[in-house]
Structures are given as structure tokens and as C-alpha cells.
Amino acid sequence: LLCAGMAPSAAAQETPSADSPFWIADEATGCLAANPSPVPNETIVWDGDCVNGFIEGEGVLTWHEGESFLGRDSGFFSQGKLSGQGKIETAEGWSYEGRFPGSGIMRFPDGEEVPAQAVGRNSGWQIMQVHEREL
């Protein structure tokens, strides 16, 4: 999910495991997905392929906390995480569209767009503004 304007984490890349808080399994398929910002009662639904226990290829990953929609990740996934071109959207209306890792555009709920970067965090990605947004 989207983490706006925060400093990169120094945490090492997490080893994929259903027991790790930085990986989450789709209950229907058992496929693992990267979960860089775990929250209580979080679940996922994956609509693509599962290869060697990971979500893989083109697809949409939908995030929920209990019954509440948290967000959606879409694009190409490799070994459980977005890789290459993709998009992250949140229930609050924030989004990032671009490369994983790499550059893209962060869109705010009010429609403003700013350059942003997808950088590695725990098992997945953190989205950081390139320039501070003026309030």
C-alpha cells in the first residue's frame, strides 16, 4: 500500500514466508504477496497466477482490513511483488502509477500530481514524493 513522503527504511529485504508480517497469503490460493505495511485483520484477494507459491504475472491484488477496502495494486508482479510498470490505489484516493522500482506520478485526492519514486521497503515498496507538496 501507499506510504507517502516518508524516509526510506533501512530494513533488509524480508525472507518470503507466510509467518512473516511482511508477507501475506491469499486465503483462497495460498499465494504469497509482499506486505510492506502490515495492519491487523488484513486480507488480500489475488486475481492472477500463482507460481512457486507467489502471486505472479499480470493481475490485480485487492487489500482489505476486515470488511473495509484498503486499496488495490495492479500491474505485473514477480515473486509476490510489483515489478516493472504498475499502479497502487488507496481507499483514501491516493495513487501512484509508474515503475517498481523507479519513477512515477503520485496523485492526491484533490487531483494534484507530483513526481514520486517507488523504493524498496521490507518485502515491497514505499512511495516517496520527489518534492514536498505545498499545502
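Predicted model: local features only at pLDDT ≥ 70, side-chain atom pairs only at ≥ 80, totals over all residues.
The secondary structure of this chain comprises zero helices and eleven strands. Read from the N terminus, the order of elements is β-β-β-β-β-β-β-β-β-β-β.

Let me turn to the interior. The chain has 135 residues, and 41% of them count as buried. In the largest nonpolar core there are 21 residues, of which Ile55, Leu61, Phe100 and Ile127 touch the most other members. Which strands each supply at least two residues of this core? They are strand S3 (42-46), strand S5 (54-65), strand S6 (68-78), strand S7 (81-90), strand S8 (95-100), strand S10 (113-121) and strand S11 (124-129). As general background, nonpolar side chains in soluble globular proteins tend to be buried together.

Next, the cysteines. A search of the whole structure finds one disulfide. Cys31 and Cys50 form this bond, with their sulfur atoms 1.9 Å apart. The pair links distant parts of the chain, 19 residues apart: Cys31 lies in the loop between strand S1 (23-25) and strand S2 (32-34), and Cys50 in strand S4 (residues 49-51). Are these two cysteines buried or exposed? Cys31 counts as buried, because its relative accessibility is 1%, under the 20% cut-off. Cys50 has a relative accessible area of 40%, so this residue is classed as partly exposed.

Finally, two values for the chain as a whole. Among contacts with a separation of 6 or more, 29% are between residues 24 or more positions apart. The accessible surface comes to about 6900 Å², and carbon and sulfur atoms account for 51% of that area.

Terms used
Residues numbered from 1 in each chain as written. Heavy atoms only, no water. Disulfide = S-S within 2.5 Å. Helix = DSSP H or I, 4+ residues; strand = E, 2+ residues; numbered from the N terminus. Buried < 20%, exposed > 50% of the residue type's maximum accessible area, 1.4 Å probe, protein only. Core = buried A, V, L, I, M, F, W, Y, C linked by side-chain atoms within 4.5 Å. Contact = heavy atoms within 4.5 Å. Areas by Shrake-Rupley, 256 points an atom, 1.4 Å probe, with all protein chains shown as cover.
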